[in-house]
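Here is a protein to look over. Take a moment with it before reading on.

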Amino acid sequence: MITEKNNTTLTFEDFKTEVLNDYRIAVTSRECSLLGRKEVLTGKAKFGIFGDGKEVPQLAMAKAFKNGDFRSGYYRDQTFMMAIGELTPKQFFAGLYGHTDLDFDPMSAGRQMGGHFVTHSLNEDGSWKDLTKQKNSSADISPTAGQMPRLLGLAQASKIYRNVDGIKIKDKFSVNGNEVAWGTIGNASTSEGLFFETINAAGVLQVPMVMSVWDDEYGISVHAKHQTTKENISEILKGYQRDEDSKGYEIFRVKGWDYAELVSTYERAGAIAREEHIPVLIHVNELTQPQGHSTSGSHERYKNGERLAWERDFDCIRQMRLWMIAINIASPEELSEIEFELKKEVLEAKKEAWNSFINPIIEDQKNLLALLEQIAEASINHKERIRKYISELSAIKSPLKKEMLVIARKILRFVEVPNSKALLSNWITDYISITQPRFSSNLHSDSDLNVYSVKKVLPEYAENAKPDSDGRMILRDNFDALFTKYPETLIFGEDVGNIGDVNQGLEGMQEKYGELRVADVGIREATIVGQGIGMALRGLRPIAEIQYLDYLLYAIQIMSDDLATLQYRTVGKQKAPLIIRTRGHRLEGIWHSGSPMGMIINAIRGIHVLVPRNMTQAAGFYNALLETDEPALVIECLNGYRLKEKTPLNFGEFKTPIGVVETLKEGSDITLVSYGSTLRLVEQAATELLDLGIDCEVIDIQSLLPFDINKDIVKSIAKTNRLLVIDEDVPGGASAFILQQILEEQDAYVHLDSKPQTLAAKAHRPAYGTDGDYFSKPSAEDIFEKVYSMMHEVNPSKFPNLY
Ligand SMILES: Cc1ncc(C[n+]2csc(CCOP(=O)(O)OP(=O)(O)O)c2C)c(N)n1
Ligand SMILES: [Mg+2]
């Protein structure tokens with residue numbers, strides 16, 4: 001007899017049923033892995049990475065996993081997903097084939113390789129489902145340990161919901177913070193810095209996180225002796241173990257083939273995390289890989305005979321089977337019968353998945369072949385050539401969309417009969433317009449709350465208001481208004497809490513809103529962002545602060561791999577409207593003056609990138625973003641916190657529209673386009689140029705992504721016929737992107753009378769001090785002279801050479 005939490009007593013029959021049900025899931029999952037590998041080796045699927053050898057611990061984890069909980073794991077977890085009812089064998093195979101329909105592959109509609117799991121947090125219109133009523137998994141990514149940073153935030157959200165009062169949106173996300181965030185990782189991936197950074201942070205924060213390490217002694221071919229000190233992750237993490245005097249972790253080690261021990265360990269772990277908000281580490285060792293790492297290779301190449309024999313003996317399903325027989329849950333014959341039935345079921349599911357995937361494409365192939373036949377018939381000079389393509393295409397049994405398009409597009413080039421040409425070109429464009437979105441949609445939110453929904457609200461000022469506030473006071477008073485207006489908003493970062501950020505834009509906020517909402521955190525940029533992603537996935541509105549733009553590099557990987565791809569890889573089924581606040585551009589020295597905007601905008605498509613010129617514009621962006629459901633990076637000007645600005649009256653309300661440029665000075669001779677700190681120098685140069693009779697139009701981009709959605713820059717160039725882009729990134733950095741947008745997307749080249757130019761910083765990092773800045777970044781003189789030289793070219797007698 002075993003006793004459940006709610007004190008209802010289970011009979012042996014109930015227990016038996018439950019165990020047999022688990023066994024069924026394990027066998028089904030294994031069968032999927034075995035058949036899955038065959039599908040790849042026979043060419044029906046492209047790549048396979050499966051959960052064989054890790055089935056039994058995942059059954060145990062699924063038992064302890066409750067509604068409202070979140071998983072953040074990796075590609076081995078198919079059994080867990082099946083056990084929580086979020087993955088069927090048919091869906092498993094649809095994912096393997098790359099079925100581009102969410103109804104068939106709910107994990108990513110074929111965008112991710114199999115083994116990358118997710119549950120749907122959003123309704124069709126992008127609004128939140130009630131996450132407390134379902135079992136949740138954040139969307140997997142492939143970079144090893146990339147699941148760790150967000151795990152921290154998923155766990156931290158429970159802490160916030162339990163301890164912060166007045167969060168009105170709470171009901172859909174939490175029941176008193178009782179939700180546990182469950183992480184999984186492979187033993188070798190614990191070598192990554194992100195693993196240790198997250199483990200430490202979760203210990204500091206004391207969040208309800210249960211971290212499982214699936215230890216099969218290998219990371220592809222590399223043995224644990226090359227991965228982990230003492231070849232034992234729980235041994236070396238012992239120092240994290242909590243005791244009477246200090247907070248820390250609860251740490252368990254359990255064998256991955258011992259079903260009974262796993263079930264009780266996971267039950268204890270779940271209870272500790274859920275009730276006490278203590279992080280737990282479960283090191284699950286003695287696991288195996290029956291089919292090796294993935295379909296890319298075979299493990300016989302790097303495992304010796306002894307190891308392979310051990311893996312066969314200690315296969316977790318085999319051990320579970322032996323145990324079931326030993327304690328009379330079932331006879332070997334009964335189990336064989338179950339196994340036989342399940343094999344058939346999985347085979348059937350596989351066939352169904354394949355047919356659903358391939359039949360519509362075969363239908364397209366038939367239609368195209370009929371059309372091509374008609375075109376061949378009508379052709380005067382190319383009948384034979386077209387027929388050759390027709391027989392090529394009709395010989396393909398399992399066609400790809402690509403194969404049809406390649407042939408159709410090749411034929412189009414020599415179709416001479418106008419009617420045929422129209423039919424084929426229509427077929428091609430229709431087919432692409434239907435198919436392309438299946439691979440390219442949902443990079444951003446399509447909901448009513450996306451950034452384009454924001455309406456501009458101007459800051460209001462008292463009559464005769466003068467620039468009397470330091471920029472940082474404007475931010476501070478605006479954050480104050482926002483924290484009051486949105487109880488689900490919180491901010492955290494290095495030096496953010498006690499001193500109110502290094503520039504005092506949050507002065508006094510911690511005192512007013514508490515240590516959980518305005519929080520100091522450790523120096524750990526990647527997990528600061530991850531913390532934000534996880535909390536945003538659970539409905540909160542976090543603002544993650546990275547102290548300086550130069551240190552965003554530590555977080556850029558997780559921004560790029562996780563946050564930026566989230567909407568895309570889930571086909572709009574998850575969102576994390578995280579705001580990342582940082583400060584940058586010119587100040588002093590290599591690591592406090594960076595403006596690597598080209599790198600950033602190219603790495604994080606999927607996240608908006610805003611570069612306000614002053615703190616009023618910045619505050620307007622925060623006000624706007626909190627009305628949207630999209631993630632964004634806001635870069636404040638590091639040298640702008642002490643500059644004076646007028647004090648708005650409507651803090652928390654005025655909004656800077658996103659993707660809209662602002663013309664700061666009208667002019668007729670040349671359009672100067674810039675952003676951020678450099679803009680002040682551009683304005684200064686423009687004033688000086690006016691004295692010489694050169695009238696510049698100055699445009700503030702404000703928002704690099706999205707870029708000038710109203711195409712206002714080309715309107716300016718149509719008037720001035722000249723363009724100079726100025727920024728302080730490296731040459732060919734963000735300025736190249738800006739030029740590409742203006743020339744290609746806005747077709748500005750038709751209006752240009754002079755060569756379009758860029759003026760950027762030097763290729764090296766900015767040197768220290770005022771002179772270092774002057775010789776590294778564009779100065780007002782550089783800007784003046786660049787514009788002057790362009791005007792000299794136009795009118796040498798009016799603007800004679802300066803040098
Ligand atoms: C950052 C990164 N580096 C390398 C890889 C390639 N890779 C994929 S899985 C893997 C080994 C992971 O081993 P482990 O964490 O033990 O998990 P297991 O596959 O054994 O379950 C490697 C090196 C990757 N996906 N991401
Ligand atoms: Mg491993």
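This report covers the sheet, the helices on it, and the ligands.

## Ground rules

This is a predicted model: local features need pLDDT of at least 70, side-chain atom pairs count only at pLDDT 80 or more, and totals for chains, interfaces and linings use all residues. Residues are numbered from 1 along each chain as its sequence is written, chains are lettered from A and ligands numbered from 1 in the order in which they are written, and side-chain values use heavy atoms, without hydrogens or water.

An open sheet holds 6 strands in the order 4-3-5-6-10-9, with parallel pairing. Strand 4 (136–137) and strand 9 (250–255) are at the edges, each with a single partner strand, so one side of each has no neighbour in the sheet. Strands are DSSP runs of E, at least two residues; helices are runs of H or I, at least four; both are numbered from the N terminus. Two strands pair if DSSP finds at least two bridges between them.

Strand 5 (residues 181–186) runs parallel to strand 6 (residues 209–214), joined by 6 bridges. Gly186 stands opposite Trp214 in strand 6.

## Helix on the sheet

Helix 8 (residues 259–276) packs on the sheet and touches strand 5, strand 6, strand 9 and strand 10. Contact means heavy atoms within 4.5 Å.

## The ligands

The magnesium ion (ligand 2) has three protein donors: Asn187 (OD1), Asp216 (OD) and Tyr218 (O), 2.0 to 2.1 Å away. Donors are N, O and S atoms within 2.8 Å of the metal (3.2 Å for Na, K and Ca); water is not among the atoms, so sites may look incomplete.

Asp216 also has a polar side-chain atom 3.0 Å from an oxygen atom of ligand 1.

Notes: Axes are lines fitted to C-alpha atoms, for helices over the stretch in contact, and angles run from 0 to 180 degrees between N-to-C directions. A polar contact is a pair of N or O atoms within 3.5 Å; within protein, one must be able to donate a hydrogen and the other to accept it, and residues adjacent in sequence count only if both atoms are side-chain atoms.
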